[in-house]
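Here is a briefing on one protein model, grouped by topic. Look over the sequence and the structure before reading on.

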Amino acid sequence: MKSSVKPRLTAGTLMLVLAIAALVTFWYAKRTWIEPENDISPMPGSEFSDNEALSLPEGGRPLAYEELTPEHFLTLLGQYEVPAGITWETETTVYADSGSRTRVGSLVRTGTDYEITLKEDGSVTRTVKRTGNTVTVNGATLPYSAAYAPLRQLGMADIEYLLKIDPSAIAEAGWAELDSRQVLYVKLEDPALPQTEYYWVSVELGLPMRCETYEGDKLTYLARTISVEEQEAE
């Protein structure tokens, strides 16, 4: 005859089950509430060492994680070219004691031609369209010049500016992750200027995904990517 005695849940077992459940709940809550959605964290070297696109011009040797010195950062940045086909939406904000001013920009680029639309408070404030060697700004056609280049018009960091900085102004340089994208991270501290600048440049696209400028602990400028997508150039 089988025993009719049923196993009972003792107080000790119940406490252990409740403790495990509490730990699991805390772990999920930490990931959901505490960790930021767009965490910027150092990337392991293995994520980059096998990427052929990250080789220095001389020798073509893959650039290791630990080797990203200020000089190597500038050399690597100089290799990038913005994709010939791309759609990009950005947001730039300038902060002052009297308030802030935000501008949203969109870029559609095909080859060397592109169209840029800038908006403030939902209203279009400027349009720029390049066709060959001419550029049309708010309906007026002019000869093209570097002043109308996409990064300058959007208010994002100008890669040409970064390439001209002295390596001694680079306080930090490394690999990072931003919005699930691999990026080059750099911190600039120019002794001639009372400000600190931060840049995150996409490894895949060669575009500045985010830029921040501080005067002391005060944020004075923020530029960020809302969306970006590479397209096939026609």
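**Largest pocket**

β2 (99–110), α4 (150–154) and α5 (159–163) each give at least two residues to the lining of the largest pocket. The model is predicted. It holds five helices and 11 strands. Buried residues account for 34% of the 234 residues in the protein.

- By class, the lining of the largest pocket splits into 14 nonpolar, three polar and six charged residues.

**Contacts across the chain**

- Take the contacts in the protein between residues at least 6 apart in sequence: 44% of them join residues at least 24 apart.
- Ala 173 and Thr 69 illustrate separation in sequence, being 104 residues apart along the chain and 6.5 Å apart in space, C-alpha to C-alpha.

**Strand β1 and its partners**

- Strand β1 (residues 85–96) pairs with β2 in the antiparallel sense, over 12 bridges.
- Within this pairing, Glu 89 stands opposite Ser 106 in β2.
- A hairpin of two residues joins β1 to β2.
- β1 also runs antiparallel to strand β11 (residues 218–230), with nine bridges joining them.
- There, Ile 86 has Glu 230 in β11 as its bridge partner.

- Strand β3 (residues 113–120) and strand β4 (residues 123–131) are antiparallel and share seven bridges.
- Lys 119 faces Val 124 in β4 as its opposite residue.
- Two residues lie between β3 and β4 in their hairpin, and Asp 121 in the turn has a positive phi of about 55°.
- β4 also pairs with strand β5 (residues 134–137), antiparallel, through four bridges.
- Arg 130 has Val 135 in β5 as its bridge partner.
- The hairpin of β4 and β5 likewise has two residues between the strands. Gly 132 in that turn has a positive phi of about 65°.

**Positive phi outside glycine**

- Asp 121 is not a glycine, yet its phi is positive, at about 55°. Asp 121 sits in the loop between β3 and β4.
- Is Asp 121 buried or exposed? Asp 121 is exposed, with a relative accessible area of 81%.
- Asp 179 is another residue other than glycine with a positive phi, near 50°. Asp 179 lies in the loop between β7 and β8.
- Asp 179 is partly exposed, at a relative accessible area of 39%.

**Helix α3**

- Phe 73, Leu 74, Leu 76 and Leu 77 are buried in helix α3 (residues 70–77).
- Seen down the axis of α3, these buried residues fall within an arc of 165°, so they line one face of the helix.
- What do the buried residues of α3 pack against? They pack against α5, β7 (170–178), β8 (181–189) and β9 (196–202).

**Ala 173 in β7**

- Ala 173 is placed in strand β7.
- Ala 173 is partly exposed, with a relative accessible area of 24%.
- Leaving aside residues up to four places away in sequence, Ala 173 touches Leu 68, Phe 73, Tyr 185 and Val 186.
- One of these, Phe 73, is among the buried residues of α3.

**Tyr 148 in a loop**

- Tyr 148 is found in the loop between β6 (140–143) and α4.
- With a relative accessible area of 18%, Tyr 148 is buried. The cut-off for buried is under 20%.
- Which residues does Tyr 148 touch, not counting residues up to four places away in sequence? Tyr 148 touches Tyr 114, Arg 126, Val 128, Val 135, Val 137, Leu 142, Pro 143 and Gln 153.
- Tyr 148 and Lys 129 are 19 residues apart in sequence, and 9.2 Å apart in space, C-alpha to C-alpha.

How values were computed: Residues numbered from 1 in each chain as written. Predicted model: local features only at pLDDT ≥ 70, side-chain atom pairs only at ≥ 80, totals over all residues. Heavy atoms only, no water. Nonpolar A, V, L, I, M, F, W, Y, C, P; charged D, E, K, R; others polar. Pairing = 2+ DSSP bridges. Buried < 20%, exposed > 50% of the residue type's maximum accessible area, 1.4 Å probe, protein only. Arc of directions from axis to C-beta. Contact = heavy atoms within 4.5 Å.
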